[in-house]
Amino acid sequence: MNGPSHRLVQVPRGVQCFVGDEALRRRAIEDLTTGVFQGWDYEEIIPPLFDYADVFSTPGLAAQTYSFLDRDGNLLALRPDFTSLLAKIAAGRLAHRAAPIRLFYSGEVLRYQPPRAGRHNELFQMGLEHLGGESMAADAEAVAVAVECLDALGVRDGVVALGHVAVFNALADAAGVDPAARGALRERVDAKDASGVADVLAGGAAAEAVRKALIGLTSLAGDVSILDRAAQTVRAVPAAVAAVAELRALVDGLAAAGLGRRIAVDLGDVRALDYYTGLVFRIFAPGLGFEVGSGGRYDGLLARFGRPLPAVGFMLGLDRIALLLERQGAAPAPALAAAEVVTSLAAACEKRRAGTRVRLTSGERTR
Amino acid sequence: MTLTVALSKGKLLAGATDLFRRAGVPFPEEPGRRLVVDHEGLRFLFVKDADVPTYVEYGVADCGIAGRDVLLEAGSDVYEPLDLGFGRCRLVVARPRNAQADPRSSALRVATKYPRVATSYFLERGVSVEVVRLAGSVELAPGLGLSDCIVDVVETGGTLEANGLEAVEDVAPSSARFIVNRASYHAHREAVAALMGRLRAAVQ
């Protein structure tokens, strides 16, 4: 018989465990974030940890999903994200509820992913979904809530970088490249590699203005003044111009609400094109080399579940926020009051009724 | 705001030194054996070639200079906004001169320092491949019967020729790239943009 291939205290790759101060900090982060979500009248939803695998068909996530068969032979999956689950619930259990529906969640998702910078297999996400409602207003609200979360958490100098998927999509359509070249183009735009974009387009049929616009997309990232330059750069393609104008209106609305200093623009953000249909945004802050949160508009998802509603949402990664706060030297989560030492259960219960923290000892030595 | 710049101690160092001088960006005179050098508002990390993308991807360095060959192999998630024009070479498939075009019907055996690049290059073309990972002197492998061909970088082709090999397919061109961490690009926008602007001016 073969013995176990690992020691009993060995941990599987990609899992984490938090104790003491670390756990306190995580709890505090979750409470502060939840408070902001509730402050904007979002309602908590606690979805199941697993569901039918076909619920989670978000492009890119399928390969990262832990799936398994139940006793009846159904293919189930541990949730790799919350958004699909919430969309399903909005279209099913909450079908009678009039839109807009504002929901938030806080919990673990599980993904199989090769170990890389800042990624684990078990992630704790806190986020919201705004389903239905007027799109521009909902987009602005989502970004405003994200900014308030950063402030509430004590994140220094956080930046929310806004983009719009229609900019790249419209330019790529206008360039008329085949699907393989489109993939390569997107990958090079994502890397902000101007010469790489030029190489992909070399010898192709793209009009000069479109070619220049796609190359220009690699440097259309920075403060909101980028939008003026962007409107010029993409002027040959009306759908891209419209997307830039949409972002401009959003940015103006956020600035009018006093959120301008937190807002940046990144029109080369083409990460999640298959999923999002309009606004996309990512949240960064000095001290951590990767984003701490992201979001965007996904108007196509709910139709899959039979309730076509436009939607916008975002999520914050608790693991990354915790790391960021530590790197930024934020004060640790407030310590609990010292426990009073008592030696009898009766005394302990009495103190507890008065709300006092107690440590019950029977004079034992610690070891 | 002090930016941290990761540079390779290897073959790209001379080009990087020259570029920084031309761009008028402060650069330490003689790093010597020091691996971390603070110099006039910049912090320089001198690390191995293949590690530059890692330092930048994790944000330990805000930016750096790495060869496109190294970036392709590392598959790092970083921005590559500037082609710096030096360190030009090609990643190629090379095999012994006069070798048969299709030496075997089963998996092709390829010796390389670039296992990731080599694997995807052949698999994408429908060729089964067995990659033999070597740390150097890859040109020896076919002659000694370790592999059918190699995937490696060539500048002039002199080393290939001296070892009885010829380049038969181009995998990718390579040159030195200025790379930037995704978060630093936004969170340290002004400092990154200023450095990038000076380097860009020096390249053109």
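A:Asp228 counts as exposed, because it has 11 C-beta neighbours inside 10 Å. Helices (H or I, at least four residues) and strands (E, at least two) are DSSP runs, numbered from the N terminus. A:Asp228 and A:Val244 are 16 residues apart in sequence. In space, their C-alpha atoms are 8.9 Å apart.

The model is predicted; local features need pLDDT of at least 70, side-chain atom pairs count only at pLDDT 80 or more, and totals for chains, interfaces and linings use all residues. Residues are numbered from 1 along each chain as its sequence is written, while chains are lettered from A and ligands numbered from 1 in the order in which they are written.

Chain A has 367 residues, of which 42% count as buried. It holds 12 helices and 14 strands. Along the principal axes, its C-alpha atoms fill a box of roughly 85 × 60 × 45 Å. Contacts were assigned where two C-beta atoms, placed from the backbone, lie within 7 Å. Among the chain A contacts with a separation of 6 or more, 67% are between residues 24 or more positions apart. The domain assignment gives domain 1 (1-156 + 289-336), domain 2 (159-284) and domain 3 (339-367) of chain A. Such bounds come from an automatic or database domain assignment. The C-alpha centres of domain 2 and domain 3 of chain A lie 62 Å apart.

One open sheet of chain A has 3 strands in the order S2-S4-S3, with antiparallel pairing. Two strands pair if DSSP finds at least two bridges between them. Strand S2 (50-52) and strand S3 (67-69) of chain A are the edge strands, and each pairs on one side only. Neighbouring strands of this sheet are turned by 35° against each other on average, direction ignored. Strand S2 of chain A is joined to strand S4 (residues 75-78) of chain A by 3 bridges. Within S4(A), A:Leu76 stands opposite A:Tyr52.

The contact between the chains takes 20 residues from chain A and 17 residues from chain B. On the chain A side, strand S7 (159-164), helix H6 (194-201) and strand S8 (221-222) of chain A each give two or more residues. This side divides into 12 nonpolar, 4 polar and 4 charged residues. Ala, Val, Leu, Ile, Met, Phe, Trp, Tyr, Cys and Pro count as nonpolar, Asp, Glu, Lys and Arg as charged, and the others, Gly among them, as polar.

Chain B has 204 residues, and 42% of them count as buried. It contains 8 helices and 11 strands. Its C-alpha trace spans about 60 × 30 × 30 Å along the principal axes. The chain is divided into domain 1 (3-87 + 175-203) and domain 2 (89-173). Their centres, taken over C-alpha atoms, are separated by 30 Å. In the contact between them, 7 residues of domain 1 of chain B meet 8 residues of domain 2 of chain B. The domain 1 side has 1 nonpolar, 3 polar and 3 charged residues.

An open sheet of 6 strands in chain B has the order S2-S3-S1-S4-S11-S5, and the pairing is mixed. Strand S2 (36-39) and strand S5 (79-83) of chain B stand at the edges with a single partner strand each, so one side of each is left without a neighbour in the sheet. The twist averages 25° from one strand to the next. Strand S4 (residues 63-67) and strand S11 (residues 176-180) of chain B pair in the antiparallel sense over 5 bridges. There, B:Gly64 stands opposite B:Ile179.

Strand S7 (residues 108-112) of chain B is mostly covered, with 4 of its 5 residues buried. It runs parallel to strand S8 (residues 129-133) of chain B, to which 5 bridges join it. B:Val129 is the bridge partner of B:Leu108. Another 3 bridges join S7(B) to strand S9 (residues 149-154) of chain B, again parallel. Here B:Thr112 stands opposite B:Val151.

Conventions:
Buried ≥ 20, exposed ≤ 12 C-beta atoms within 10 Å, placed from the backbone. Axes fitted to C-alpha atoms, helices over the stretch in contact; angles between N-to-C directions.
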